[in-house]
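I opened the notebook again today and wanted a quick look around this one. Here is what I looked up, in the order I went.

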Amino acid sequence: MTDPIIEMKGITKTFPGVRALSDVSFDVRAGEVQALVGENGAGKSTLIKILSGVYHADAGEVHVSGDAVHFAHPVDSRHAGIAVIYQEFSLLPERTVAQNLFLGREPRTRWGLIDTARMRAETKEVLALFAAAGRIDPDRLVDDLDVATQQVVEIAKAVSTGARVVVMDEPTAALNEAECEELFTTVDTLRERGVALIYITHRMREITRLADRVTVLKDGEVAARFDEVPAPDAIVRAMVGRDIADFYAPPASVEEVGDPVLQVRGAGNAVLHDIHLDVRAGEIVGLAGIQGAGRVALAMALFGETPFEHGKVMLNGEVVTFGTPRAAILGGIGLLPGDRKSEGLVLMQSVRDNGMLTSRAFAPLWSSDRRNVHVDKARMDGLLDHMEIRAASYDQDIRSLSGGNQQKAIVARWLSMRPKLLIFIEPTRGIDVNSKAGIYHLMRDLARDGAGILMISSDLPEVLGAADRVLVMQEGRIAAEFPHGASEQEVMHAATGQTEVAA
């Protein structure tokens, strides 16, 4: 067994009133993937920021290839061969792929000018290591690339600098199934080249697919180390103290499912074709499918963002036409977007204000009872309490909350509007394992209270575990329907056209 390329010993870090890390030791070797897992707040980000020179440890040592180091600045960490790829990329959108790869270290001609031809050629050499190389033009602007391709560019940038250690923080958060598989191939390639990888994720399937070893953090301490990757249950127990089987609420019983809340008959637009869909009160309906199958397009049509051009939509038995999101909201539909930070929250405003955004905008229209601000605040605080949001105060900025608590605040916002149908898009993206369980049980509680839930997720095990029924979309159509308990293989066969279209 080779010696660690990175070894962190006895790392302790305290912020005002909070001990983020306590005597944490961690290492990673060349040519291996070390998974670093734990709930939000467990200390993962703090540990990585110490490794990358963003924070300085109060106690402990960091060794690179056996030598003690002290990173006074992130540049020192990069010079030591450590590259951190965060969920929010550090690429410059208005520059080309080649310009991003060689930013600040552009090759020069003998006259001191940037050698564009050489930069382009060397970019192609680096990109050749990746499966996505064929679709990446070195001269293309980064802003014109999809998220998955931008991620490849970010990784290629790290490789081009000669990074010996690459840290990936939730790299699949915004990727679909096919893009995830491509990323996994990239990870395998880096491992074969002798790069040490620290892989942070909340998804058990990725850990079992990629990791050689696993370190679990809990409350700023090492809760468990696994020199061989165990069954997911063992990792989850170390993280949160309960089994995976407890994550998903039991499916709805026959008695709990009521009349249809939503009925769609023969509806379509430029993207969607002949959509027939029912969502009943008391049930959770999951939408599965590969990227571009039409799942999000269906949500946007129901929400009035890109309306249906023909067909019929009924809510509680009444025919409705929603040409705008405002009309859909007034009609009783709520939507939780896939990217809560950019599409669902005002990060610089308080938890309470974020909860009241929609009701404040629509109160003059949807309610004849114009409550004053004091009563509105009291009602919203009651809804936030009902969501069991963990916050020091509802007056604090919502950006300081965990992803799970931010998601609950958006749910509270919609509950203030008393929706008939709630659409969840990627409900647990970027949320830790324990908070995921809270969201699943919350959706079930909302259904039991009489709402219909339509859930869209790129995490197939999540769809199968949380939904009462699963509808599979393919090329803008609903291609198949499965009951709770269907297998991943059955759903993927339907999603990729390897089964007959359901009648």
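My entries below go from confidence to a pocket and then to some strand pairing.

**Confidence.** I began by noting that this is a predicted model. The protein chain has a mean pLDDT of 87, with 94% of its residues at 70 or more.

How much space lies in the second largest pocket? I found about 620 Å³. Its lining has 25 residues, and I wrote down those closest to the centre: Arg78, Ile82, Ala83, Ser90 and Lys157. Next I sorted the lining by class and got 13 nonpolar, seven polar and five charged residues. Which elements supply at least two lining residues each? They are helix H2 (74-79), strand S6 (82-85), helix H3 (97-101) and helix H5 (147-160). H2 gives the largest share of the lining, with five residues.

**Strands around S14.** My last stop was strand S14 (residues 310-315), which pairs with strand S11 (residues 260-268) in the antiparallel sense over five bridges. What do S14 and S15 form? I have them down as a hairpin with two residues between the strands, and Asn316 in the turn has a positive phi of about 50 degrees.

Conventions: Residues are numbered from 1 along each chain as its sequence is written. This is a predicted model: local features need pLDDT of at least 70, side-chain atom pairs count only at pLDDT 80 or more; totals for chains, interfaces and linings use all residues. Side-chain values use heavy atoms; hydrogens and water are left out. pLDDT is the predictor's confidence in each residue, from 0 to 100. On a 1 Å grid over the protein atoms alone, a cavity is a set of points where a 1.4 Å probe fits but cannot get out, and a pocket is an open set with protein on both sides within 12 Å along at least five of seven lines; lining residues have an atom within 4 Å of a point. Grid points are joined across faces, edges and corners, and a volume is the space filled by probe spheres set on the points. Helices (H or I, at least four residues) and strands (E, at least two) are DSSP runs, numbered from the N terminus. Ala, Val, Leu, Ile, Met, Phe, Trp, Tyr, Cys and Pro count as nonpolar, Asp, Glu, Lys and Arg as charged, and the others, Gly among them, as polar. Two strands pair if DSSP finds at least two bridges between them.
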